[in-house]
Amino acid sequence: MNDFSFSMPTQVVFGRGVTARTGAELASRGYAHALVVYGQGSVVRTGTLGRVLASLDAAGVAHTEFGGARPNPSLAHARDGIALAREAAADVVLAVGGGSAIDTAKGIALGVPYEGDVWDLYTHAAAPVADGKLPVACVLTIPAAGSEASASSVLTNDETLLKKGLSTELNRPVVALMDPELTFTLPAYQTAAGVTDICAHILERFFSTSGPVPVTDELDCGLIRSLVDMAPRAIEDPEDYDARANIMWAGTLAHNDLAGCGRGVNGGRAGGWESHGMEHELSAHDPSVAHGAGLAVIMPAWMRYVWRSNPERFLTLGARVFDIEPVDVVEDCIDATPEEAVEDAVLATIDELQAFFCSLGMPRTLGELGVTADDIPALLETLELNKGAEFGQLQRLTMDDARKIYESAL
Ligand code: NZQ
Ligand code: ZN
């Protein structure tokens with residue numbers, strides 16, 4: 001097990017009706033004026049925004065609304081939010097929504113005290129500073145990105161088509177209010193995309209080079225097993241509270257860094273985040289691509305390309321999540337060599353995982369996302385700007401490797 005540092009500074013307030021406590025949670029921390037950041041209208045239609053504003057009023061917390069964060073949120077919108085937060089003299093940024101609202105809120109919170117362009121922080125031209133940074137709070141409406149407790153914020157610069165993540169402990173929200181009933185209104189597609197993203201956050205960490213870490217491996221595989229059980233229930237019955245609640249909690253545990261403890265190299269984050277890197281190009285070039293849907297296509301394609309670098313990890317996943325053992329395959333196929341048995345078990349594991357995503361309604365191919373072979377050169381161009389000529393951990397990937405992975409998923 002490698003050394004690690006883990007802290008979960010975000011207070012999670014979880015359960016039925018907790019939205020009504022938003023105002024009290026902010027007031028108890030001494031916040032007086034919230035910039036309320038939300039998306040493109042779901043929270044207005046569902047009544048969640050109204051309930052949040054009422055609770056702020058009841059607790060005496062003033063508020064300024066800032067709606068319109070689109071899925072795969074834009075830098076330009078965050079810049080507008082920074083100006084509004086300054087003008088309103090907000091002392092907290094409250095996101096009501098999913099990763100897109102929360103990441104916009106995080107960008108605003110870091111941007112307020114920074115005199116230059118907030119994009120400098122995402123390109124690492126300047127370092128984020130704690131002094132004057134606004135705290136972020138959130139009311140989560142979709143389990144997916146894990147931004148409610150993560151150290152990351154991801155924004156897209158529409159002028160350069162660069163989608164960039166900024167990872168800093170300063171990004172962790174102070175409080176996340178998580179009422180699973182708010183997710184009853186999620187369409188099946190968004191539910192599925194969210195579950196896929198949650199699985200991907202676990203698997204990006206699981207597929208690190210640092211070998212087995214039994215406690216963390218069990219946690220990871222247990223989370224995925226629970227998602228495999230719960231997701232079909234939430235799709236079948238959107239108001240299945242236990243399914244919604246377990247998915248929501250899994251989303252937080254998948255991405256608050258607990259799922260990688262002991263597997264980071266040199267104290268860094270666990271894993272190479274190859275699939276996220278390649279997916280982010282898809283949703284940067286076409287923001288209508290849901291991040292999780294892109295991952296449903298890219299992650300199995302990446303796995304099929306790299307599994308030979310570390311078959312053991314894939315066998316562990318197969319055994320613990322899908323009960324796939326190479327020995328069974330040997331028994332079924334008397335002629336199989338041990339190497340063939342391992343290959344069969346690994347490929348069966350990847351097939352099972354992809355079948356799970358597809359069973360929820362996720363795409364199998366890039367074509368289903370409207371991406372064609374002609375789009376690949378442009379994806380590689382921004383991928384290289386984001387990741388450099390080589391990236392990844394389980395297996396270092398060149399741009400030629402990335403091209404082959406994209407092509408294999410067409
Ligand atoms: O915009 P509105 O109208 O609110 O609708 C949203 C949006 O269309 C809708 N929705 C959310 N809650 C709903 C609802 N519809 C009905 N009922 C509800 N309760 O769902 C759609 C997706 O919302 P969004 O916030 O975009 O989803 P998600 O949480 O998946 O966030 C995606 C963004 O997060 C980034 C992604 O790249 C993407 O930009 N990520 C952020 C991470 C982080 N900060 O740690 C890590 C992730 O890997 C990811 O990269
Ligand atoms: Zn993700």
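Helices (H or I, at least four residues) and strands (E, at least two) are here DSSP runs, numbered from the N terminus. This is a predicted model, in which local features need pLDDT of at least 70 and side-chain atom pairs count only at pLDDT 80 or more, while totals for chains, interfaces and linings use all residues. Residues are numbered from 1 along each chain as its sequence is written.

Over residues 9–180 the chain is 31% helix and 24% strand, and its end C-alpha atoms are 21 Å apart.

Six strands form an open sheet in the order β1-β8-β5-β4-β2-β3, with parallel pairing, where two strands pair if DSSP finds at least two bridges between them. At the edges stand β1 (11–14) and β3 (62–66), each of which pairs on one side only. Strands of a sheet pair through backbone hydrogen bonds, either parallel or antiparallel.

| Strands | Bridges | Residues opposite each other |
|---|---|---|
| β2 (residues 33–38) and β4 | five, parallel | Tyr38 and Val96 |
| β4 and β5 (residues 136–140) | five, parallel | Val93 and Val136 |
| β2 and β3 | five, parallel | Val36 and Glu65 |

Strand β4 (residues 92–97) is mostly covered, since six of its six residues are buried; a residue is buried if 20 or more other C-beta atoms, placed from the backbone, lie within 10 Å of its own. Helix α4 (residues 75–88) lies across β2, β3 and β4 and runs at about 160° to β2, with axes being lines fitted to C-alpha atoms, for helices over the stretch in contact (C-beta atoms, placed from the backbone, within 7 Å), and angles running from 0 to 180 degrees between N-to-C directions.

Notes
Chains lettered and ligands numbered in written order. Buried ≥ 20, exposed ≤ 12 C-beta atoms within 10 Å, placed from the backbone. Contact = placed C-beta atoms within 7 Å.
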